[in-house]
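Open the model in your viewer and keep the sequence panel beside it. This tour goes from whole chains to single residues.

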Amino acid sequence: MTDHTILRVVSKFVLPYVLLFALYVQFHGDYGPGGGFQAGVIFAAGFVLYGMIYGLTAVRRVAPERVIEILIAVGVLIFAGTGVLTMLLGGNFLEYGVLTPAYPASGQHYGILVVELGVGVTVAAVIIAIYSTFAGRGRQ
Amino acid sequence: MNWLASMVGDQLPVLQVIVPLLAAPLCIILRRRSLVLPFAIIVCWAAFGVSVALLREVLEVGAITYELGGWAAPWGIEYRVDALGAFVLLFVSGIGALVLTYAPRSLIDEVPAGRHYLFCTLYLLSLTGLLGIAITGDLFNVFVFLEIAALSSYALIALGGRRQALPAAFQYLVMGTIGATFILIGIGLMYQMTGTLNMVDMADRLPAVEGMRTALVAFGFLTVGIALKMALFPLHVWLPNAYAYAPSAVSAFIAATSTKVSVYILLRFMFSVFGLEFSFEHLGLGRALMPLALAGIFVASTVAIFQRNIKRMLAYSSVAQVGYMVLGISFATATGLTGGIVHLFNHALIKGGLFMAMGCIMLRLHSVDLDEMAGIGRAMPWTMAAWALGGLGLIGVPATAGFISKWYLIQAALEQGSVLVAVLLLLSSLLALVYVWRVVETAFFREPSERAREAREAPLSMLVPTWVLLGATVFFGIYTAYSAGVAEQAAEAVLRGLP
């Protein structure tokens, strides 16, 4: 799409806001509508837009397949790792209250933030991986 | 150390699920074949260790519960292990560990080297799902774990990269998704009526609304969905190709565990949640299941006789064996249920072992066609001897595990006064004799095919696990305290219903 100047310029202009909005949805999910899944989808949408305008090679330069694959795993590990941490602190799996024994409510707050971050990372990475797999079909 | 031991003791139910769950993404990060496979094997054996500890505890103190996230039962998600669940956990994790130990050599041959870490990830996820189904006390959680197990097994089947594997996996995906959707709709309707997803709570509240049409619709959706998942005749069409064209290790694992866990779901829903009285006395589920089970046994066994591809033959035989399990359940008596439940276990051992032996054949012959297998008994005596042993179990010869199952089933039939069913059961064994004998005869008594002449015995790394599993079928055919004994306790627990 090298000759579509308007698309190229506008998408470049919009991209930072897409990613920023994703982060807003991610970290505001505990108070407003949103959360890890929605944030991950929006974040990945930024990459899909970038890929559609600038091509798959450009996306893979920013987000190499191997890195994306590892991020898929890292998100799950963040989620389940939080659960293991609460177990090591003497609670049940994912019992966030034990993170801050003095005031369990704030531990539950931290816990859900971290867990949602894990969801966000995995969802974003999976969607980028699906896009890049389908877009890259027949190239190898 | 004491502190650690007591912590692990309290957390056993959740460890059963999260040990393989955490290990799955780690496999992607480790990536290197030399690291991933030993790691995954250790994890599987650890999961087996947890299930042994769980079963011991359950047999000692009765059902144990675990509150996820510390939220109390009807509101939070609860894990609940009783005798039936612990029994299923034990053989699923045990066979999972044994098959993965057997897998590395066969993977080199059948799965491109770059995908071995993905194989381990998917295998562990599938194990996670199957174990999760058997441990959870929450209806929606059952669906989630069901999807984890199913989605990863679709990918596992397609992983070999053989052409026929792709349509087989896709067909399984379509049918499996229909099944899962039906189950989800059923659960949704039940939730709508009772406002709870906890099994114990649901069993408590259902009687008040059981007269309503929504309850009947939910029951119908669930029955059909579960029947699809466990490949009950005539909803079995996805199974033969999926088992036949998957990589050998995948066939062995899925054939041994996945339909069994679906039968477990049937038991859970129909007995524990809806209750014996509603499912069987009021709606007559037994009268619906029995003819289907018997038809499945005869039709699938007959079709199996005419298969050239021996993995496909074993797959059809699996459909027939699901019939035996469902037949036992359809009696809805202690003996019948014991027969059905013990057959879950016995058939898992037998069919897992048989598919593992077929993996050895695949490794050396690069084919599982009956004609190519002519005379293979001379080149691979240990493999084929193991196969024959498993075959005897399928027929139900005394002193094999299969005999124990059929013994209970026939006893249950006679208790109910249905001599006809007992006779049919005996006749069906003759069909199994035919399809087993066909392979044994070809392998031992026919002139070796060209490929069979060049074949060598399978490597020890594959033979030993195969023999362990098939040896176990003889062990449990003679010494039944830990198979039929536990199954009896599980059957009693199921008939008693939830507290």
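The stops below say what to select and what is there.

**Stop 1: chain A**

This is a predicted model. Select chain A and colour by secondary structure. Chain A has 5 helices and 0 strands. Read from the N terminus, its elements go α-α-α-α-α.

Now look at the outline. Along the principal axes, the C-alpha atoms of chain A fill a box of roughly 60 × 35 × 15 Å. The radius of gyration of chain A is 18 Å, whereas a compact globule of 140 residues would have one near 14 Å. Of its 140 residues, 36% count as buried. Take the contacts in chain A with a separation of 6 or more: 62% of them come from residues 24 or more positions apart.

**Stop 2: Leu94(A)**

Stay in chain A and pick Leu94(A). This residue sits in the loop between helix 4 (65-88) and helix 5 (104-135) of chain A. Check the backbone: phi of Leu94(A) is near 65 degrees, a positive value in a residue other than glycine. Is Leu94(A) buried or exposed? It counts as buried, because 24 C-beta neighbours lie inside 10 Å and the cut-off for buried is 20 or more.

**Stop 3: chain B**

Switch to chain B. Chain B has 21 helices and 2 strands. Its radius of gyration is 21 Å, close to the 23 Å that the globule rule gives for 499 residues, so chain B is as compact as a globular protein of that length. The C-alpha box of chain B is roughly 70 × 55 × 40 Å along the principal axes. Of the 499 residues, 61% count as buried. In chain B, residues 24 or more positions apart make up 80% of the contacts with a separation of 6 or more.

**Stop 4: where the chains touch**

Show both chains together. The contact takes 15 residues from chain A and 12 residues from chain B. Which element gives the most to the chain B side? Helix 1 (residues 2-30) of chain B does, with 8 residues. Colour the chain B side by class: 8 residues are nonpolar, 3 polar and 1 charged.

**Stop 5: Arg31(B)**

Move on to Arg31(B). It is in the loop between helix 1 and helix 2 (33-61) of chain B. Phi of Arg31(B) is near 60 degrees, which is positive in a residue other than glycine. Arg31(B) counts as partly exposed because it has 18 C-beta neighbours inside 10 Å.

**Stop 6: the two strands**

Select residues 64-67 and 78-81 of chain B. These are strand 1 and strand 2. The two strands run antiparallel and are joined by 4 bridges. To see one pairing, pick Ile64(B): its bridge partner in strand 2 is Val81(B).

Now show the side chains of strand 2. In a regular strand, side chains alternate between the two faces of the sheet. Here Glu78(B) and Arg80(B) point one way, and Tyr79(B) and Val81(B) the other way. All four of these residues are buried.

**Stop 7: Lys229(B)**

Pick Lys229(B), in helix 8 (residues 213-229) of chain B. Why does Lys229(B) count as buried? The reason is that 27 other C-beta atoms lie within 10 Å. Leave aside its neighbours within four places in sequence, and Lys229(B) is in contact with Gly176(B), Gly179(B) and Ser262(B).

**Stop 8: a cis peptide bond**

Go to Pro234(B), in the loop between helix 8 and helix 9 (239-245) of chain B. Zoom in on the bond from Phe233(B) to Pro234(B). That peptide bond is cis, with omega near 0 degrees.

**Stop 9: helix 21**

Finish with helix 21 of chain B, residues 484-496. Helix 21 has 13 residues and reaches 18 Å from its first C-alpha to its last, close to the 18 Å expected at 1.5 Å a residue. Its buried residues are Ala484(B), Val486(B), Ala487(B), Ala490(B), Ala491(B), Ala493(B) and Val494(B).

Note on methods: Residues numbered from 1 in each chain as written. Chains lettered and ligands numbered in written order. Buried ≥ 20, exposed ≤ 12 C-beta atoms within 10 Å, placed from the backbone. Pairing = 2+ DSSP bridges. Rg over C-alpha atoms; globule rule 2.2 N^0.38 Å. Contact = placed C-beta atoms within 7 Å. Nonpolar A, V, L, I, M, F, W, Y, C, P; charged D, E, K, R; others polar. Expected span 1.5 Å × (residues − 1).
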